[in-house]
Amino acid sequence: MRHAFGVGAVALCAAVVLVGCTDGASKTGEAAGAGSTSPSLSSTPTAASPRAVAPAAGPEEQFNALVLGSRFFFDGQGTASAAAAMKRYCDLLGEEAINGLPPAQWLAEKELTKADGPRVLGDGVPRFCPERGAILKAASEGSYERWFVAGTYEVGSGPKQMPAGTYVAAGALRDCYWERTSKAGEVLDNRFATSAQETRVTVRVGDGQFTSRGCGAWRPTK
């Protein structure tokens, strides 16, 4: 009887202790909760990590990428980037003549004929020298005065032909020679000047070809 009573007493005490501990912890938690204004860890919202935003590419970087993705190339500029070469082209377009040709003709015959030339120059001129836009427009439309440098030209009204008319070559001319020939190649008229400041020629309807060497550019007279 003493042994049984001892076990029951221990169990009863354990139950009392357990209930007492639970109740105490509950009260302690309630008391702590009542005096605390901090949200629980589980209810704290997680802040989104800010993402790094890449800076927008500038006009030079955009143009460099355009040229890199094209087949266009800038001739002999010796510059570090396509944008720098385009700026040099902008300077060239402000000159009276480029390689003996007016700027619009130079663009039309030498640059816009390159692969991707219209796309690259159509972006580069408005981007870096919008004041040259009229030159680009004239080159694109073919509405410019044509000059004729050294070479042989068929006489006619086609895009690569020399129209009939009077032309003048001026400057420090050395060993300047020109000739007009028939369609059969017979010499109709010619002239050679060891030294001259100006020379003129009238190309006539019905001529076959016009040939020039060392005379610079032939410009149509007004």
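Predicted model: local features only at pLDDT ≥ 70, side-chain atom pairs only at ≥ 80, totals over all residues.
Helix H2 spans residues 59–68. Its buried residues are Phe63, Leu66 and Val67. Viewed down the axis of H2, these residues fall within an arc of 95°, so they line one face of the helix. An α-helix has 3.6 residues a turn, so residues three or four places apart point the same way. The buried residues of H2 are covered by elements that include helix H3 (82–92) and helix H5 (117–128).

H3 and H5 also pack against each other. The angle between them is about 75°, and their axes lie 10 Å apart. H3 is therefore roughly perpendicular to H5, since angles of 65 to 115 degrees count as such. On the H3 side, the contact involves Ala83, Met86, Lys87, Tyr89 and Cys90. On the H5 side, Leu121, Gly124, Val125 and Phe128 take part. The residues of this contact comprise 7 nonpolar, 1 polar and 1 charged. Lys87 is the charged one, because Lys counts as charged.

A search of the whole structure finds 2 disulfides. A disulfide is a covalent bond between the sulfur atoms of two cysteines. Cys90 lies in H3, whereas Cys129 lies in the loop between H5 and helix H6 (133–141). The pair therefore ties together parts that are 39 residues apart in sequence. Both ends are buried: Cys90 has a relative accessibility of 6%, and Cys129 has a relative accessible area of 1%.

Another disulfide joins Cys176 to Cys215, with an S to S distance of 1.9 Å. With 100° about the S-S bond, this link is right-handed. Cys176 sits in strand E2 (residues 165–181). Cys215 is in the loop between strand E4 (209–213) and strand E5 (219–220). The pair links distant parts of the chain, 39 residues apart. Cys176 counts as buried at 3% relative accessibility. Cys215 is buried too, at 1%.

With the bonded cysteines of the protein chain numbered in sequence order, the pairing is 1-2, 3-4.

Notes
Residues numbered from 1 in each chain as written. Heavy atoms only, no water. Buried < 20%, exposed > 50% of the residue type's maximum accessible area, 1.4 Å probe, protein only. Helix = DSSP H or I, 4+ residues; strand = E, 2+ residues; numbered from the N terminus. Arc of directions from axis to C-beta. Contact = heavy atoms within 4.5 Å. Axes fitted to C-alpha atoms, helices over the stretch in contact; angles between N-to-C directions. Parallel < 35°, antiparallel > 145°, perpendicular 65-115°, else oblique. Disulfide = S-S within 2.5 Å.
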